[in-house]
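Hi there,

Here is the structure I promised to pass on to you. Have a look at it first, and then read my notes below.

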Amino acid sequence: MIRLARAAELAALRELERAAGTPFRDVGMAEIADDEPFTVAQLRPYQEDGRCWVAAPSGAPVAYLVADVVDGNGHVEQVSVLPSHAHRGLGRQLIDAAGAWAASRGLPALTLTTFRDVPWNAPYYARLGFRELPPAAWGPELRAIRAHEAAHGLDRWPRVAMIR
């Protein structure tokens with residue numbers, strides 16, 4: 001069910017991410033729901049480098065994850081699940097695939113940044129074994145990610161960095 005994304009699927013991942021963002025409207029975060037997803041050009045390096053996984057139980061992707069290396073750790077850059085496929089363990093499986101990828105490269109941990117108070121964000125990742133990483137423990141690349149997020153207006157809602 002979890003596999004590497006195919007080049008021909010990248011455009012569909014954009015639409016998947018748009019749909020996955022719609023629940024943010026229900027918690028007063030329409031700006032997040034309306035945020036533009038990665039472009040195909042931005043997704044392509046992840047796919048070509050084997051850092052883009054999809055959950056495709058019936059062939060077509062219904063969830064995806066892209067990962068980077070940040071400060072010597074694997075880093076979940078984006079994970080999106082179609083609302084119609086939520087609560088089926090697909091996000092967990094994608095996180096586990098990214099964790100296996102990181103471990104196979106000798107990366108000691110997975111990090112991510114997320115919204116602290118959104119139920120399917122920080123509380124969800126805590127259930128998957130992530131814990132909040134205090135700013136004093138951030139490396140320079142994670143600091144740069146957080147600065148970019150702040151400049152993009154994401155700090156309007158509390159954000160955290162997490163590690164597993």
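Let's begin with one histidine. His75 sits in strand S4, which covers residues 73-81. Please keep in mind that this is a predicted model, and that everything below was computed from it.

Is His75 buried or exposed? Its relative accessibility is 1%. Anything under 20% counts as buried, so His75 is buried. The side chain of His75 also makes a polar contact with the side chain of Thr111, at 2.7 Å. If you set aside the neighbours within four places in sequence, the residues in contact with His75 include Val66, Ala67, Asp68 and Val70. Also among the contacts of His75 are Leu110, Leu112 and Thr113, as well as Leu142 and Ile145.

Next, two residues with a backbone angle worth looking up. Asp71 is not a glycine, yet its phi is positive, at about 55 degrees. You will find Asp71 in the loop between strand S3 (63-70) and S4. With a relative accessible area of 26%, Asp71 is partly exposed.

His87 also has a positive phi without being a glycine, and here the value is about 65 degrees. Where is His87 placed? It belongs to the loop that lies between S4 and helix H4 (90-104). The relative accessible area of His87 is 85%. Since exposed means over 50%, His87 is exposed.

Now step back to the whole chain. The protein contains six helices and seven strands, and along the sequence they come in the order β-α-α-α-β-β-β-α-β-α-β-α-β. Its radius of gyration is 15 Å, close to the 15 Å given by the globule rule for 164 residues, so the protein is as compact as a globular protein of that length. The C-alpha trace spans about 45 × 40 × 30 Å along the principal axes.

A few totals complete the picture. Of the 164 residues, 48% count as buried. Among contacts between residues at least 6 apart in sequence, 68% join residues at least 24 apart. The accessible surface comes to about 8000 Å², and carbon and sulfur atoms account for 54% of that.

Enjoy exploring, and write back with any questions!

Best wishes

Notes: Residues numbered from 1 in each chain as written. Predicted model: local features only at pLDDT ≥ 70, side-chain atom pairs only at ≥ 80, totals over all residues. Heavy atoms only, no water. Helix = DSSP H or I, 4+ residues; strand = E, 2+ residues; numbered from the N terminus. Rg over C-alpha atoms; globule rule 2.2 N^0.38 Å. Buried < 20%, exposed > 50% of the residue type's maximum accessible area, 1.4 Å probe, protein only. Contact = heavy atoms within 4.5 Å. Areas by Shrake-Rupley, 256 points an atom, 1.4 Å probe, with all protein chains shown as cover. Polar contact = N/O pair within 3.5 Å; in protein donor to acceptor, adjacent residues only side chain to side chain.
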